[in-house]
Amino acid sequence: MSKILVVDDDVQLCELLTEVLEDEHDVSCVHCGESAIEYLQNKGVDLVLLDVMLPNLDGMQVARRICQRFATPILMLTALGDEATMLDGLQAGADHFITKPFKVPELLIRISAILRRVGLERQRHMIRSGEEKMAAEMSRLPLTSTEAELLEYLIKNDGIVVSKAELQKQVLKKELSPFDRNLDMHISNIRRKIVLAGMSKLHIKTVRGRGYSYSECVNH
C-alpha cells in the first residue's frame, strides 16, 4: 500500500480523508508543518497532501522544506484557487493543486496519477541501477582485449542478434571463413568467465544460424 501523509489543521477533514483513502492507502495525519517535517524525518511516505493554510509554518514554507530535504511529491490542498497562489505553490515545490472544497473522485484521480508517476520513476531507477551493477560486474571479468571488445560490441546491441560475420569483421577485423572457429572460441571463453564470476551464461545467447545476442535480463 502507498503511504500518504495528510498535513491539515482541520481535524474533521483529516478524518474524512483517512476514511476515503484508507481502503487502498496507508494514511497518517499531522496538523502542523513542524510535525510534518518531523514525521518525514522518521518515516518515508509516497505522497504528502499538504494544506496551504497552516498555523506557524504555512504550507508554502513546509513545501520548500520538504523539497530541500526529501524527494516526496506534494499535492497541495488550498481554499485559494487563484493563479498567484498556485504559482507560489509550484515554485515552493508542489506537484499538483486541488481547491477546497473538492470532489472525492477528482482527489482520487489526482492521487492515482501522482503515485503512478512515482512508481514509474522508481522502476526506471531500479532498471538503471541494475544496468550499472551489471556493467560493473562485466568490467571486472578477466577478459583478454579481444574478448572485452567482443563483449562490449554485444552489450551495445543489447537484445539484438548480431551475426557472426558482423562480429568477425567489426571486432576481429577479418572476413568470416566457413572453417574458422576463432570467434566461437572467444565467445565460449567469455561465457566460461561469466559463469566463474557467478553470473549466468545466458547473458550471451547463441541464435542458431544467425549469430549471438547479449541480454541484460535473463531467467535463471
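Tutor: Let us begin at the residue that follows helix H8: Gly-198 has a positive phi, near 90°. Helices (DSSP runs of H or I, at least four residues) and strands (runs of E, at least two) are numbered from the N terminus.

Student: Before we go on, what kind of model is it, and how are the residues numbered?
Tutor: This is a predicted model, in which local features need pLDDT of at least 70 and side-chain atom pairs count only at pLDDT 80 or more, while totals for chains, interfaces and linings use all residues. Residues are numbered from 1 along each chain as its sequence is written, and side-chain values use heavy atoms, with hydrogens and water left out.

Student: Back to H8, then. How many residues does it have, and how far does it reach?
Tutor: Helix H8 covers residues 182-196, which is 15 residues, and reaches 21 Å from its first C-alpha to its last. That is close to the 21 Å expected at 1.5 Å a residue, where the expected span is 1.5 Å times one less than the number of residues.

Student: Which residues of H8 are buried?
Tutor: They are Leu-183, Asp-184, His-186, Ile-187, Ile-190, Arg-191, Lys-193 and Ile-194. Buried means under 20% relative accessible area, exposed means over 50%, and partly exposed lies in between, with a 1.4 Å probe and protein chains only.

Student: What does Leu-50 touch?
Tutor: Leaving aside neighbours within four places in sequence, Leu-50 is in contact (heavy atoms within 4.5 Å) with Val-7, Gly-59, Val-62, Ala-63, Ile-74, Leu-75, Met-76 and Leu-77.

Student: What about Asp-8: buried or exposed?
Tutor: Asp-8 counts as buried because its relative accessibility is 0%. Its place is in the loop between E1 and helix H1 (11-21). Beyond neighbours within four places in sequence, Asp-8 is in contact with several residues, including His-31, Asp-51 and Lys-100.

Student: Lys-100 to Pro-101: is that peptide bond cis or trans?
Tutor: The bond from Lys-100 to Pro-101 is cis, with omega near -10°. Pro-101 lies in the loop between strand E5 (96-99) and H5. Most residues other than glycine have a negative phi, and most peptide bonds are trans.

Student: Which residues other than glycine have a positive phi, then?
Tutor: Asn-56 has a phi near 60°, and Lys-173 has a phi near 65°. Asn-56 lies in the loop between E3 and H3 and is exposed, because its relative accessible area is 69%. Lys-173 is in the loop between helix H7 (164-170) and H8, and counts as exposed because its relative accessibility is 64%.

Student: New topic: where is Arg-140?
Tutor: Arg-140 is in the loop between helix H5 (104-139) and helix H6 (145-156). At 62% relative accessibility, Arg-140 counts as exposed. Arg-140 and Ala-197 are 57 residues apart in sequence, yet their C-alpha atoms are 9.0 Å apart in space.

Student: Where does His-25 sit, and what does it touch?
Tutor: His-25 is found in strand E2 (residues 25-30) and counts as buried, at 12% relative accessibility. Apart from neighbours within four places in sequence, His-25 is in contact with Met-1, Ser-2, Ile-4, Ile-111 and Leu-115.
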